[in-house]
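Colleague: Could you walk me through this one? I'd like to start with the core and then move on to the sheet.

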Amino acid sequence: MALDSLKTDGFKQIGTRPNRPDGLDKVTGRALYGADVTAPGMLWGVIVRSPHAHAKIVKIDTSKAEAMDGVKAVVTRADFSDAIQPAAGPRGEMWNVLENVMAGDKALYDGHAVAAVAATSQLAARDAAKAIVVEYEVLPHVTDVDKAMAADAPVIREGATEKSVPEGMHPNVVRYHESGHGDLEAGFAEADLVIEDTFKTEATHQGYIEPHACLGTLGGDGKGELWCCTQGHWNVQKVCAALLGLETSQLRVTASEIGGGFGGKTAVFIEPVALALSRKANKPVKIVMNRADVFRATGPTASTSMDIKIGMKKDGTITAASGLFRCQGGAFPGAPMEFTAMCAFAPYNLQAVKQTGFDVMTNRPKQAAYRAPGSPMAAFAVESVIDQLCNQLGLDPIDTRLKNASREGTQASFGPKWDRIGLVETLEAAKAHPHYSEPLKEGQGRGVSCGFWFNHGGETAVSLALSEDGTVQLAVGTPDIGGSRASMAMMAAEELGIPYENVRCTIADTATLGYNEISHGSRVTYASGLATIKAARDAVKKLCARAAAKWGIEEDAVKWEDGCAVPSGPNAGDHEPLPLAKITAKMGATGGPIVGHFEATPEGAGVSFATHIVDAEVDKETGKTTISRYTVVQDAGKAIHPTYVEGQFQGGAAQGIGWALNEEYIYGEDGRLQNAGFLDYRIPVASDLPMIDAVIVEVPNPGHPYGVRGVGETSICPPLAAIANAVSAAAGVRLKQLPMSPPRILAALGTHD
Amino acid sequence: MSLKPVVKIHLWSGLRAFTGGEDVVEVEAATIGELLNGLVARHPGLEDIVESGVSVAIDGKVIASGLSEAVAPENEIWLMQRLKGG
């Protein structure tokens, strides 16, 4: 899409802050989430999970459970499609999903599903699950990324390695990425100071409040209905159809309201199990995960181990940079190491750079996306070294980043030249913000970091139907995970020239629209927004045609203005403006219903950069960190609903504070997760957080009619590093491992073992 | 005689193992789809990687999956790992 089609001002709806249409439902409890629906004759499903990190499944005896009162069905791997076979690389991805949904020959992590039972009550199902006897042969396990690459590590699975992996690596290394440009050796030789360091991050969970839940019905005729809590119900439909050997169109999936996802609900876990149980019992089956199941068996992030080397001149010019990024993604390929690698040095215009990524399998749950998967860890490592260089050379951290900043036309660390980007604008806004010049109090430290994410477009279908009274029914296919129904209604209202309240936006089921990719990649306001604008313009074209027919003039002699069809010029004749509602009132008799459509894969998602400023205080006696001030500056392209953009900025910062300071998966020597609950896995609560200032920078994305860039993910890229830089300054010692929990800070200070 | 223009595609360096060390490959193509077909024809070792999904940057604009986008000799074209998100 060319720049000349951009509309960046003169808006009536865009940039305002109306109430969200789903707000009343949510505050009154009327909104229906995954666990909120029931069906006549419904059974409850419970999943039996492995207590072992790695074990051969010798035998599963279900006879005792099947004989119990109220038990209607038991399923194991034998009840899923045997047409899906293992393969290396993406060709094996569906097998990986199946293997994760229900174990085959081996249990690959603590919490891995091995069987499931459906009974007439949840209690009966739980009792029956305990009566299923699984005989295991326990195998050696590994949960640490570095140990999993060592020569003596147990092999998680042979045959999973892609051809891209260099010869001689352990079979647990399944994918490899290497990119960059320039002469590293010459670059480092040119530097006045070279710093090389190693950083580690632990896996963290997305921490959504609503556990996974679904209600499925599947008959022997292969026809099914599924209600579930997901970020992408077309993907659920596709996966369930494959795992159960169904025709895709025979399974209708409806997305419930969603109590948080952050990437973690892009994956499929319990839905195929509920459908398999339902097919066997011939009854609807509901499954609701408990919190321990969510932690043990749904995707946390990858954990990482990273080596960074950066050279800098005394004037702040970066001369060369390199990074090794080892990411474990559980017992399956898929740790986002290529994104860790590609995002690592993206903010900088470098003459010599190389990034290398390793995707490593361990005996942990299959990692899932978590807001800009892979990028926050890279920023933590790289921006920590930039901070060390600035400190040792006596340079201002923002000026140094500005000096080296990527901008339009410079070569990205991963290859291409940048299109229009807004990194410099975020750095300049951060530098000008009062936070940056506010004097620090005794014991406080300040940290700065940049962050980057690509953003995404994806398959998108939207339908916009006009009602006789002139109101609008807008059907989109991307579950609303961040207030998108409001944003969609605003964009439709803007195009049609009608009040925001006259548009009702609904998340349609899979039988209503064409395929919609998951709500991920910060794509919804960009792609479904673009689709909504185009669908509205399609409807406007049809409205103008009706007016033209009424006036007896050519269709191109009519234009749309302020919610009315009007003659496009003096030669079109003298006709009174024809409001939308007057056209729709007669539409049945003037050609039939008026519906605007858009179906395509928008390919203009603009990338996004952010700069964060953090002040922290460290209690050197207890190791406790307090975040005293936090400012997010991010390029949104164009903020459709600024309150929700600010909410995304603040949410990313809040989750980043948890990731940086407290959250971590803790495994025992036995490979079992030790903290599968919110009491022992500590996410930030309101009292842990300062007010988070949000500054919206708008550098329009040429690929969207209004210039929108996705904002949902970039906000979690800088926090880990910005907080680490602040904490390191406050503590007087460099923190190189996350989380920076009190024991780890005390250990770094040398006051604790 | 072919009517397709010759375009250059830059590869990420990890792919050199499949191209005999080349990181810039010339193919005859007018669209991304033709470009990827040409790339695999020239270097069959890249088939699995291309088939499993790649993105392409044309003058800095990242095309995540579209095969019909036009490419021309004056474009700067980079093969990228398939983009996705959370």
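Colleague: How many residues has the largest nonpolar core, and which have the most contacts inside it?

Modeller: Bearing in mind that this is a predicted model, the largest nonpolar core has 268 residues, and those with the most contacts inside it are Val117(A), Val273(A), Ala492(A) and Ile723(A).

Colleague: Which helix gives the most to this core?

Modeller: That is helix α16 of chain A, residues 524–551, which gives 14 residues to the core.

Colleague: And what is Val273(A) in contact with, leaving aside its neighbours within four places in sequence?

Modeller: With those neighbours set aside, the contacts of Val273(A) are Gly45(A), Ile47(A), Val75(A), Val101(A), Met102(A), Ala113(A), Ala116(A) and Ile287(A).

Colleague: On to the sheet, then: in what order do the 5 strands come?

Modeller: The order in chain A is β7-β15-β14-β13-β8, in an open sheet with mixed pairing. Because β7 (173–181) and β8 (193–201) each have a single partner strand, they stand at the edges, and one side of each is left without a neighbour in the sheet. From one strand to the next, the twist averages 5 degrees.

Colleague: How many bridges join β13 to β14?

Modeller: There are 10 bridges between β13 (residues 303–312) and β14 (residues 318–328) of chain A, and the two strands run antiparallel. Met306(A), for instance, has Phe325(A) in β14(A) as its bridge partner.

Colleague: Which strands does helix α10 lie across?

Modeller: Helix α10 of chain A, residues 337–344, lies across β7, β13, β14 and β15 (353–360), running at about 160 degrees to β15(A). Helix α11 of chain A, residues 375–393, packs on the sheet and touches β8, β13 and β14, with its direction making about 145 degrees with that of β8(A).

Definitions and conventions. Residues are numbered from 1 along each chain as its sequence is written. Chains are lettered from A and ligands numbered from 1 in the order in which they are written. This is a predicted model: local features need pLDDT of at least 70, side-chain atom pairs count only at pLDDT 80 or more; totals for chains, interfaces and linings use all residues. A nonpolar core is a set of buried Ala, Val, Leu, Ile, Met, Phe, Trp, Tyr and Cys residues joined through C-beta atoms within 7 Å. A residue is buried if 20 or more other C-beta atoms lie within 10 Å of its own, exposed if 12 or fewer, and partly exposed in between; C-beta atoms are placed from the backbone. Helices (H or I, at least four residues) and strands (E, at least two) are DSSP runs, numbered from the N terminus. Two residues are in contact if their C-beta atoms, placed from the backbone, lie within 7 Å. Two strands pair if DSSP finds at least two bridges between them. Axes are lines fitted to C-alpha atoms, for helices over the stretch in contact, and angles run from 0 to 180 degrees between N-to-C directions.
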